[in-house]
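Biologist: I am new to this structure. Could you show me how to read its main features?

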Amino acid sequence: MSEGRIAGAVRTHCPYCALQCGTELRAAPGGSVTVEPADFPVNRGGLCQKGWTAPEVLSVRDRLRTPLVRGADGALAPAGWDEALDLVARRLREIRRESGPDAVAVFGGGGLTNEKAYLLGKFARLALGTSRIDYNGRFCMSSAAAASNAAFGVDRGLPFPVTDLGEADVVLLAGANPAETMPPLMRHLDRPALIVADPRRTPTAARAKLHLRTAPGTDLALALGLLHTAVLEGLVDEAYVAERTRGFDEARRHALAWSPERTERVTGVPAAALREAVGLLAGADRAYILTGRGAEQHSKGTDTVAAFVNLALALGLPGREGGGYGCLTGQGNGQGGRELGQKSDQLPGYRSISDPAARARIAEVWGVPESRLPGPGPSAYELLDSLGRPGGPRALFLAGSNPVVSAPRAGHVTERLASLDLLVVADFVPSETARMADVVLPVAQWAEEEGTLTNLEGRVLRRRALLAPPPGVRTDLEVLQGLAVRLGEPRDHYPTDPRAVFDEIRRATAGARADYSGVSYARLDAGEALYWPCPAGPAASDGDGRPHPGTPRMFLDRFAHPDGRARFAAVAFREPAEPVSEAYPLVATTGRVLAHYQSGAQTRRVAALGAAEPEAFVEVHPDTARRFGLVEGGLARIGSARGSTVARVRFAEGLRTDTVFLPFHFAGDQRANLLTNPALDPVSRMPEFKVSAVRIAPEPEA
Ligand code: SF4
């Protein structure tokens with residue numbers, strides 16, 4: 001098992017999802033590591049199956065322990081660090097010299113710590129000089145972020161602590177299944193009556209007072225119909241709308257096109273259920289509306305979230321204690337990862353890369369002229385799609401992501417990756433993407449590193465090291481410094497001490513919307529619960545000079561727009577990008593299961609998780625199975641216009657007969673993303689993961 005213990009026990013957080021459950025890790029006799037839930041308000045003593053088994057990933061059999069370089073024979077072979085980094089730097093310099101800085105691209109991940117995400121963005125913009133950087137969070141919560149920024153002037157997943165949900169009377173969950181994706185969250189959802197909008201009867205829907213079983217791709221119509229119903233029934237909070245918002249008349253005009261009857265025809269949700277849902281929300285003292293990937297991962301994801309935000313605003317929920325709108329961010333550092341500069345259009349602090357003042361500020365922190373900062377680049381899918389094309393990137397440096405499994409139209413993305421002149425992957429296991437690389441750099445993982453993450457409620461958390469990285473393994477910060485120095489950058493501009501990087505984050509975010517300047521390792525280590533914005537210096541209202549306490553609840557006095565008011569969005573319904581047809585008569589929607597996280601690169605290596613969900617499955621209604629000659633437990637081949645995948649058939653009585661469901665955690669020919677449609681949301685550039693027209697047929701056992 002793991003060696004190199006540096007502490008007997010540490011308090012830290014789970015390596016997986018955005019709930020970031022508090023854990024206590026112990027180095028047990030014999031070198032193994034045990035995990036227990038820590039006393040932490042978010043998980044209230046609970047962990048899911050993934051959290052309980054997380055230490056196993058530290059010492060999986062195929063853990064990467066030495067750099068690998070692809071040789072003339074086409075195979076990856078062990079190499080020394082200097083050899084690997086020298087090779088990467090030389091090839092990057094050559095490619096830049098031949099084809100310009102944008103011939104080199106960077107792809108990051110929403111699980112990287114704040115420090116890694118920040119330094120990766122700086123490395124891309126300065127050491128490589130490229131505008132071609134984006135990350136897999138684009139595939140996660142970008143629609144909710146775009147809608148929240150437009151409505152409230154800033155995007156923080158939950159602008160209130162998770163624990164507030166435990167005091168709620170009613171919670172509407174649109175496209176979220178926390179009973180399966182983040183089970184400890186359900187400890188806060190015992191009290192409220194749940195309204196769940198989902199095409200599937202998920203474990204969350206099964207616990208709901210009201211399940212609104214929408215047709216895939218119609219959540220936007222549902223939200224419009226709910227607002228229409230609120231208007232018709234006189235349930236709009238007129239005083240709140242007048243005092244705290246702008247733009248209601250136009251939003252109402254669009255919603256009035258969506259009578260309960262029309263909404264029922266399009267969504268499949270009975271008009272009576274719409275009235276019941278709105279009555280429950282409006283009649284509650286404390287009500288929340290939350291969205292998840294089911295509502296967000298669409299080519300109209302931004303408008304869909306905006307329509308749910310409109311409903312929340314019409315009912316007077318956001319910006320008061322006991323009510324609000326929030327997004328259940330998915331990846332471990334989904335929040336911090338999107339604020340600190342690995343997104344193609346952003347600089348640290350959620351600053352726009354196109355804003356001259358923001359550029360000047362970050363250039364000053366980085367100690368370079370503003371002219372050295374590239375402009376905005378393409379979004380994640382557009383970046384992946386451009387790899388190896390004429391004029392597109394010829395080299396890619398990738399950290400914290402596995403797009404061979406997790407990107408839409410995964411077969412095509414795999415081809416683009418294969419066309420590169422140089423693919424460099426930093427990872428701790430040989431993921432499907434790492435196996436394609438020309439150079440693989442083995443990096444430390446969660447229990448072997450210090451850092452911070454920002455959870456789904458905007459609370460900054462400390463990740464602490466129990467173990468030293470195994471011999472031969474380096475931290476991502478060391479890798480970035482090693483490459484940056486070889487590319488001619490000053491060593492001290494790329495610190496390897498996460499505390500030093502965090503100090504730079506504090507300076508870079510000072511005065512920004514996501515302001516971390518008042519947060520410090522010392523305050524976090526003293527046990528303070530610090531939610532951004534947390535500016536340096538005392539709170540304006542705090543006369544005793546104590547440091548700013550952070551902001552657990554946002555918008556109580558004003559929203560973040562200059563006039564302090566929230567904005568309604570005028571949104572109209574659009575059909576999914578790809579209609580069903582005679583050739584592809586069903587809708588496939590993709591999602592997650594309890595046992596696996598994201599692309600499954602980590603969880604598929606854990607024995608108990610692999611045993612719980614060893615292979616891909618496809619849920620079908622028994623009537624659908626009969627129609628297409630499928631048997632429960634048999635194999636099926638599911639095909640779309642982009643490719644086909646194989647999965648084992650599971651019957652699901654609670655699923656619509658026009659819909660099939662596939663989890664996306666599996667590799668090879670079991671990849672659900674071989675089917676998915678890269679049609680992009682025009683604002684967030686989110687692909688249409690949730691709606692693909694498909695056909696299905698029995699597949700013989702291999
Ligand atoms: Fe908690 Fe999420 Fe980890 Fe499960 S995966 S233990 S819900 S942080």
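**Domains, ligand shell and sheet**

Modeller: We can begin with the domains. This is a predicted model, and its domain assignment divides the chain into domain 1 (9-59), domain 2 (68-139 + 333-443 + 475-491), domain 3 (142-327) and domain 4 (586-699).

Biologist: How many residues of domain 2 are in contact with domain 3?

Modeller: Four residues of domain 2 contact four residues of domain 3. On the domain 2 side, the touching residues comprise no nonpolar, two polar and two charged. The C-alpha centres of domain 2 and domain 3 are 36 Å apart.

Biologist: Which residues are closest to the ligand?

Modeller: They are Cys-14, Cys-17, Cys-21, Cys-48 and Gly-51, in a shell of 14 residues. By class, that shell holds ten nonpolar, three polar and one charged residues. Domain 1 (9-59) and domain 3 (142-327) each supply at least three residues to the shell.

Biologist: Now the sheet. What is the order of its strands, and is the pairing parallel or antiparallel?

Modeller: The order is β10-β9-β8-β12-β13, an open sheet of five strands with parallel pairing. From one strand to the next, the twist averages 15°.

Biologist: How many bridges join β12 to β13?

Modeller: Five bridges join β12 (residues 287-291) to β13. In this pair, Ile-289 stands opposite Tyr-325 of β13.

Biologist: Which helix packs on the sheet?

Modeller: Helix α11 (residues 271-283) does, touching β8 (170-174), β9 (193-197), β10 and β12. The direction of α11 makes about 125° with that of β10.

Definitions and conventions. Residues numbered from 1 in each chain as written. Predicted model: local features only at pLDDT ≥ 70, side-chain atom pairs only at ≥ 80, totals over all residues. Domains from an automatic or database assignment. Contact = placed C-beta atoms within 7 Å. Nonpolar A, V, L, I, M, F, W, Y, C, P; charged D, E, K, R; others polar. Near = placed C-beta within 6 Å. Pairing = 2+ DSSP bridges. Helix = DSSP H or I, 4+ residues; strand = E, 2+ residues; numbered from the N terminus. Axes fitted to C-alpha atoms, helices over the stretch in contact; angles between N-to-C directions.
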